[in-house]
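Hi,

Here is the structure I promised to pass on.

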Amino acid sequence: MSYCPNCGKEIKDIQPVSNNEKTTEQDTNVSPKNRLLAMLLGIFCGFVGVHNFYLGRKKEGLVQAILYGVALNLICAFYIIFFVFVVKNTFTTASSASVFIFLAVFYILLFSAIGMLYYCIISSLVQWIKIARGLAYDGNGLPVKNWNFK
């Protein structure tokens with residue numbers, strides 16, 4: 001036991017802490033989410049928003065998943081419709097005004113779908129770069145810096 005030189009009160013002995021038990025304020029303010037796993041999810045499934053769901057950013061993940069799903073469905077549906085029109089030779093029997101309207105609507109929706117896909121891909125690349133550089137945050141606002149699996 002040791003005593004305070006000023007007041008004479010007893011001071012409890014401080015036990016040294018091992019390196020495994022050391023926690024700093026910086027460690028407690030870091031997300032428990034794994035950075036490597038977030039990067040892998042961002043590379044392989046990022047355009048669908050899976051890495052956002054993993055990091056706890058459910059709204060962003062849901063927006064990306066919905067946009068991706070809508071875009072793929074639009075592209076598939078309109079290519080099927082377009083090929084049905086071509087195979088049936090509907091363009092030769094239809095009036096030029098109806099063909100023009102069909103093609104205009106077709107290309108507007110097709111380019112909208114392609115724009116949605118580009119948004120999903122570019123936003124996932126930007127988020128992947130943020131994760132790789134350690135600038136990403138999880139759903140609780142904590143920085144994702146942990147490389148180790150726990």
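Predicted model: local features only at pLDDT ≥ 70, side-chain atom pairs only at ≥ 80, totals over all residues.

R57 counts as buried, as its relative accessibility is 15% (buried is under 20% relative accessible area, exposed is over 50%, and partly exposed is in between, with a 1.4 Å probe and protein chains only). Its salt-bridge partner is E60, with 3.6 Å between the closest N and O atoms. E60 is partly exposed, at a relative accessible area of 38%. The count of salt bridges comes to 1, taking a salt bridge as a side-chain nitrogen of Lys or Arg within 4 Å of a carboxyl oxygen of Asp or Glu.

Residues are numbered from 1 along each chain as its sequence is written, and side-chain values use heavy atoms, leaving out hydrogens and water.

Now the aromatics. Rings of Phe, Tyr and Trp (its six-membered ring) pair if their centres lie within 6.5 Å, and planes under 30 degrees apart are stacked, over 60 edge-to-face and the rest tilted. That gives 3 aromatic pairs. F106 and Y107 are edge-to-face, because their ring centres are 5.0 Å apart and their planes sit at 75°. Y107 also pairs with F111, this time stacked, at 6.0 Å centre to centre and 25° between the planes. Y107 and F111 are 4 residues apart in helix α6, so about one helical turn separates them. How buried or exposed is each member? F106 is buried at 2% relative accessibility, Y107 is partly exposed at 37%, and F111 is exposed at 54%.

F106 turns up again in the largest nonpolar core, which has 9 residues: A71, I75, F78, F82, F102, F106, L110, A113 and L117. (A nonpolar core is a set of buried Ala, Val, Leu, Ile, Met, Phe, Trp, Tyr and Cys residues joined through side-chain atoms within 4.5 Å.) Helices α4 (58-88) and α6 (96-133) each supply at least two residues of this core, and α6 gives the most, with 5. Helices here are DSSP runs (H or I, at least four residues), numbered from the N terminus. A second, separate core has 6 residues, among them M39, L55, I131 and A136.

Cheers
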